[in-house]
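Please read them with the structure open.

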Amino acid sequence: RRRGRPVPVRASLDRRIAMHRFIAGLRRAEDVTARACLAGCAALVFVAAVSRALGSPIIWAIDIAMLLFIWCAFLGADAALRAKQHIIIDIVVRMFPQRVQRALLIVHWSVMIAFLLALVVLGTQLTLLNVERPMGDTEISYAYVTAAVPIGSLMMAFTAMRQLVEFVRNPKAAFGTGESPL
């Protein structure tokens with residue numbers, strides 16, 4: 001609002017488009033980063049195994065592979081949540097009428113969001129505790145490993161919030177597909 005007047009529709013639309021583009025870019029970056037972490041992890045484990053077999057082990061390779069793997073896991077979990085590819089067991093939920101299913105799904109997303117936000121807080125505390133701790137045989141701070149917890153959980157919380165808002169706004173679209181709205 002500007003001086004008590006409503007924001008022009010065009011300005012509001014421009015902001016929404018800009019936000020949509022930002023989120024789409026963030027998702028692409030997240031997907032590329034997760035894939036790069038997985039490829040890097042696999043490559044480092046392979047190189048470490050070959051070098052160990054040749055009698056010249058690369059001691060730090062497994063530590064870095066672990067760092068890449070944890071980031072891959074959290075970024076991949078958000079990508080799976082975004083694509084609704086998590087394993088769900090909704091046999092019991094589907095037995096209820098849609099009104100009850102709707103209420104159960106809203107509770108489900110609310111509990112998930114609360115849990116993820118708790119992970120953000122606790123993961124941040126854990127990361128701060130690990131700033132001085134070196135990671136294995138490297139001089140890299142272990143905080144780079146534990147930072148995946150709050151950052152990945154925050155991204156998953158945003159994804160879950162977006163899905164909850166979409167479901168509340170248009171539950172018929174979610175139920176009309178024949179698939180679980182989860």
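1. Terms for burial come first. A residue is called buried when its relative accessible area is under 20%, exposed when it is over 50%, and partly exposed in between, using a 1.4 Å probe and protein chains only. Glu30 counts as buried because its relative accessible area is 4%. The model is a predicted one, in which local features need pLDDT of at least 70 and side-chain atom pairs count only at pLDDT 80 or more, while totals for chains, interfaces and linings use all residues. Residues are numbered from 1 along each chain as its sequence is written, and side-chain values use heavy atoms, with hydrogens and water left out.

2. Overall make-up. The chain has six helices and zero strands, so named from DSSP runs (H or I, at least four residues, for helices; E, at least two, for strands) numbered from the N terminus. The order from the N terminus is α-α-α-α-α-α. Of the 182 residues in the chain, 33% are buried. A contact here means heavy atoms within 4.5 Å. Among contacts with a separation of 6 or more, 71% join residues 24 or more positions apart.

3. Glu30. This residue sits in helix α1, which covers residues 9-53. Apart from neighbours within four places in sequence, Glu30 is in contact with Leu75, Asp78, Arg82 and Met155. Of interest to anyone inspecting this site, Glu30 is a buried residue at 4% relative accessible area.

4. Helix α2 and the residue after it. Helix α2 (residues 60-82) has 23 residues and spans 33 Å from its first C-alpha to its last, close to the expected 33 Å. The expected span is 1.5 Å times one less than the number of residues in the helix. Lys84 follows α2 and belongs to the loop between α2 and α3. Its phi is near 55°, a positive value in a residue other than glycine. Lys84 is classed as partly exposed because its relative accessible area is 39%.

5. Helix α3. This helix has 32 residues and reaches 46 Å between its first and last C-alpha, close to the 46 Å expected. Buried residues in α3 include Gln101, Leu105, Trp109, Met112 and Ile113. Further along α3, Leu116, Val120, Gly123 and Thr127 are also buried.

6. The nonpolar core. A nonpolar core is a set of buried Ala, Val, Leu, Ile, Met, Phe, Trp, Tyr and Cys residues joined through side-chain atoms within 4.5 Å. Which residues touch the most other members of the largest nonpolar core? They are Leu68, Trp71 and Trp109, out of 33 residues in that core. Two or more residues each come from α1, α2, α3 (98-129) and α5 (148-169). The largest share, eleven residues, is from α2. In soluble globular proteins, nonpolar side chains tend to be buried together.

7. Ala147 is in the loop between α4 (143-146) and α5, and Ala148 is in helix α5. Ala147 is buried because its relative accessible area is 14%; Ala148 is buried because its value is 0%. Leaving out residues up to four places away in sequence, Ala148 touches Ile70, Trp71, Phe74 and Ser153. With neighbours within four places set aside, Ala147 is in contact with Trp71 and Thr127. For Ala147 and Ile70, 77 residues apart in sequence, the C-alpha separation is 9.5 Å.

8. The largest pocket. On a 1 Å grid over the protein atoms alone, a pocket is an open set of points where a 1.4 Å probe fits, with protein on both sides within 12 Å along at least five of seven lines; lining residues have an atom within 4 Å of a point. The largest pocket holds about 650 Å³ of space, taken as the space filled by probe spheres set on the points, which are joined across faces, edges and corners. Its lining has 19 residues, and those nearest the centre are Met19, Ile23, Arg27, Phe158 and Arg162. Two or more lining residues each come from α1, α2 and α5, and α5 gives the most, with nine.

9. Lys172. This residue lies in helix α6 (residues 171-176). Lys172 counts as exposed because its relative accessibility is 70%. The C-alpha atoms of Lys172 and Arg102, 70 residues apart along the chain, are 10.0 Å from each other.
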